[in-house]
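I opened this notebook to keep track of what I looked up, residue by residue, in one structure. The entries follow the order in which I went through the topics.

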Amino acid sequence: MWNSYIGKRLKGCGYAFKGALLLLRHEASIQVQAVIGIIMTFAGFYFEISATEWMLQIFAIGLVMSIEGLNTAAEEIADFVHPDFHNKIGFIKDVAAGAVFFAALTAVSIGCIIYIPKF
């Protein structure tokens, strides 16, 4: 069964779920993002945001958490390849962190567009 097309997809989903759990268990940055995502979800229910606002909010939360996971992966690979300080590794890590920064700015902008009018 595990060698069939569907079996391989299910196995891949298992690895993805394991990776998500590893991120949540071991990475402080993703833990912070998850807590913010939970708070924003409660805010969405409290302010009774529209379906479109829910879609944008869920997209923003997913975007930030996904990019944060990719940042963690890039940092781990960089540290594995070159554990000592190296300018190029520092550049790679800074660029990956910059991607998280852009995603976070996007999420904050979406949050402001949704919630500022509600006050």
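**Ground rules.** I am working with a predicted model, in which local features need pLDDT of at least 70 and side-chain atom pairs count only at pLDDT 80 or more, while totals for chains, interfaces and linings use all residues. I number residues from 1 along each chain as its sequence is written, and the side-chain values use heavy atoms, with hydrogens and water left out.

For burial I use relative accessible area, with buried under 20%, exposed over 50% and partly exposed in between (1.4 Å probe, protein chains only). My helices are DSSP runs (H or I, at least four residues), numbered from the N terminus. As a general note, nonpolar side chains in soluble globular proteins tend to be buried together.

**Rings.** I then asked how many aromatic pairs the structure holds. There are five, a pair being rings of Phe, Tyr and Trp (its six-membered ring) with centres within 6.5 Å, called stacked if the planes are under 30 degrees apart, edge-to-face if over 60 and tilted for the rest. One of these aromatic pairs is Y46 with F47, which is edge-to-face, at 4.9 Å centre to centre and 90° between the planes. Y46 is exposed at a relative accessible area of 67%, whereas F47 is partly exposed at 24%.

**Around Y5.** The charged end of R9 sits over the ring of Y5, 4.6 Å from its centre; for this I require NZ of Lys or CZ of Arg within 6 Å of the ring centre and within 35 degrees of the ring normal. Y5 also makes a nonpolar surface patch of about 360 Å² together with I6 and L10. Such a patch takes residues with over 30% relative accessible area and no salt bridge, with nonpolar side chains (Val, Leu, Ile, Met, Phe, Trp, Tyr) joined within 5 Å, and the areas come from the Shrake-Rupley method with a 1.4 Å probe. I6 lies in helix α1 (residues 5-26) and is exposed, with a relative accessible area of 57%.

K118 is partly exposed at 31% relative accessibility, but E53 is buried at 17%. The C-alpha atom of E53 is also 9.2 Å from that of I113, although the two are 60 residues apart in sequence.

The other salt bridge joins D79 to K93, with the closest N and O atoms 2.5 Å apart. D79 is in helix α3 and K93 in helix α4, so this pair ties together parts that are 14 residues apart in sequence. Both partners are partly exposed, D79 at 32% and K93 at 24%.

**Single residues.** I checked E48 for its backbone, and it has a positive phi of about 50° although it is not a glycine. E48 sits in the loop between α2 (28-46) and α3 and is exposed at 69% relative accessibility.

V108, in helix α4, is exposed with a relative accessible area of 52%, and its C-alpha lies 9.9 Å from that of I61, 47 residues away in sequence. Q33, in helix α2, is buried at 19% relative accessibility, and its C-alpha is separated by 18 Å from that of A16, 17 residues apart along the chain.

Technical notes. Patches are made of residues with over 30% relative accessible area and no salt bridge: like charges are joined within 9 Å, nonpolar side chains (Val, Leu, Ile, Met, Phe, Trp, Tyr) within 5 Å. A salt bridge is a side-chain nitrogen of Lys or Arg within 4 Å of a carboxyl oxygen of Asp or Glu. Helices (H or I, at least four residues) and strands (E, at least two) are DSSP runs, numbered from the N terminus.
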